[in-house]
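Please open the model in your viewer and keep a selection tool at hand. The stops below say what to select next and what is to be found there.

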Amino acid sequence: MAKDTGKDTISVTDNVTGKTIELPIYHGTHGPGAVDIRAFFKEFGYVTFDPGFVSTAACRSSITYIDGDKGQLMYRGYPIEQLAEKSSFLEVAYLMLHGELPKREQQNEFLGNITRHTMINESLKSFYEGFYHDAHPMAIMVGVVGSLSAFYHDSTDIRNPEHREIAAHRLIAKMPTIAGACYKHSIGEPFVYPRNKLSYCGNLLNMMFSVPCEEYEVDPVAERALDMIFILHADHEQNASTSTIRLAGSSAANPFACVASGIAALWGPAHGGANEAVLHMLDQIGDVKNIPKFLEKAKDKDDPFRLMGFGHRIYKNFDPRATLIRKMCHEVLAKLGDENDPLFELALRLEEIALQDDYFKERKLYPNVDFYSGIIYKVLGIPTNMFTVMFAIARTVGWVSQWMEMIGDPEQRIARPRQLYEGAAKRDYIDINKR
Ligand code: SDX
């Protein structure tokens, strides 16, 4: 944790009463300092107002840092570009959970732990039967992940570090198995069990695409592409779903229930659901000649249409993940798809035209992580309604890491935001005969 000097303060004066107080400013390793406003309500009697938490830090964290102006992202200090090129998703998972890159024996032990927890309780299979085949996989994920706490009473004491660690391993390990079963249920094929000799992403591909009557070979290009995409999606500071996990966890809810709440928040098209929405949008646009019409719709305040995959609360430059995924699109399409994939061509032209448009330039709206990821998922044969499930598998690493950090933070207490009440003034009940 960065050393807070305690010397730097900001003076705040209430011009109504003339009272002035000094609030401490904390400085982290990178990024903006933070003004501690915890004394504000006690000293002034006002609450602070910040819908959407645009300028509010809810916690200290040492896991991920984003420089939105420079378009930089780092996990535990390592730039995302270096991790994407040189690391693996499970090595990044270890880094995120423990704060340091693993030594070889630590890596092997971690891989062993994850591998040993990939199976799910057999009785969960009947849970899937309760869903129609056309149930959205994210709806199934919320339900099945939330139900895991019904099976693991031995690891829900959040004050026990061993319970916290095994719950983290179980969640990271089981997400691909649960996701694979979602997909198999949706297409009426038998579930495929995990196979310990396969890699994390190889297992996921096998559980989604292998069938009992044929041999299935994991394609190394697809395996590597998925592993890198998962690295890029692993964590992202206090985004909406991570903040949901922290808020749920602040009530001492068990980690399985917390991750289920994060999956629910991620599903929104303004957040992790955007990757699926981008593909629907590109299908809706259909042809390059229609791009101007849709850009006008995106700018029209009276039109709910937004350019999905564009814009970001923090990035006011390129999302570095979008840059890496765009580059990977070319490679994957060259090896597994059609380099002239019309969808990719349309996305490239849409990006080019939007970035020349004043509306997008003035608001610093650039492509984000979701703009290109769907195109790669499509080439890998992953159906559109499973795109956000892919995001959830990867983000589970960030969610459990942030949850662990929160539980261990001495400053954390139950999250309970205040409000500015604008409802009816106090009044007496009126009998129905007199209304
Ligand atoms: C993710 O937080 C994270 O880190 C999230 C994430 C992660 O890894 O966890 O990065 C993953 O969720 C990426 C974002 C995926 N969502 C989308 O692609 C949906 C489309 N984007 C927008 O909905 C929007 O840009 C948000 C939700 C991403 C950001 O919303 P903000 O920060 O609240 O920004 P805003 O809505 O206040 O926009 C500022 C202006 C507004 O116009 P004005 O009122 O100033 O005139 O920009 C406009 C908005 O109308 N705007 C858009 C736009 N995004 C913002 N206009 C058209 N199309 C868009 N996509």
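Which residues in H6 meet which residues in H7? Select Pro-137, Ile-140, Met-141, Val-144 and Val-145 in H6, and you will find them meeting Leu-171, Met-175, Ile-178, Ala-179, Cys-182 and His-185 in H7, where contact means heavy atoms within 4.5 Å. By class, this contact has 10 nonpolar, 1 polar and no charged residues, with Ala, Val, Leu, Ile, Met, Phe, Trp, Tyr, Cys and Pro counted as nonpolar, Asp, Glu, Lys and Arg as charged, and the others, Gly among them, as polar.

Before going on, note that this is a predicted model, in which local features need pLDDT of at least 70 and side-chain atom pairs count only at pLDDT 80 or more, whereas totals for chains, interfaces and linings use all residues. Residues are numbered from 1 along each chain as its sequence is written, and side-chain values use heavy atoms, with hydrogens and water left out.

Now display helix H6 (residues 137–147) with H7, which pack at an angle of about 135 degrees with their axes 10 Å apart; helices are DSSP runs (H or I, at least four residues) numbered from the N terminus, and axes are lines fitted to C-alpha atoms over the stretch in contact, with angles from 0 to 180 degrees between N-to-C directions. H6 and H7 are therefore oblique to each other, given that angles under 35 degrees count as roughly parallel, over 145 as roughly antiparallel, 65 to 115 as roughly perpendicular and the rest as oblique.

The contact of H7 with H18 has 14 nonpolar, 1 polar and 2 charged residues.

For the last stop, select His-312 and Asp-370, which UniProt lists for "active site" in an unreviewed entry. They span 59 residues in sequence, yet no two of their C-alpha atoms are more than 10.6 Å apart, so they gather at one spot. His-312 itself sits in the loop between helix H13 (291–299) and helix H14 (320–336).

Technical notes. UniProt positions renumbered as here; feature names shortened; annotations may be inferred. Helix = DSSP H or I, 4+ residues; strand = E, 2+ residues; numbered from the N terminus.
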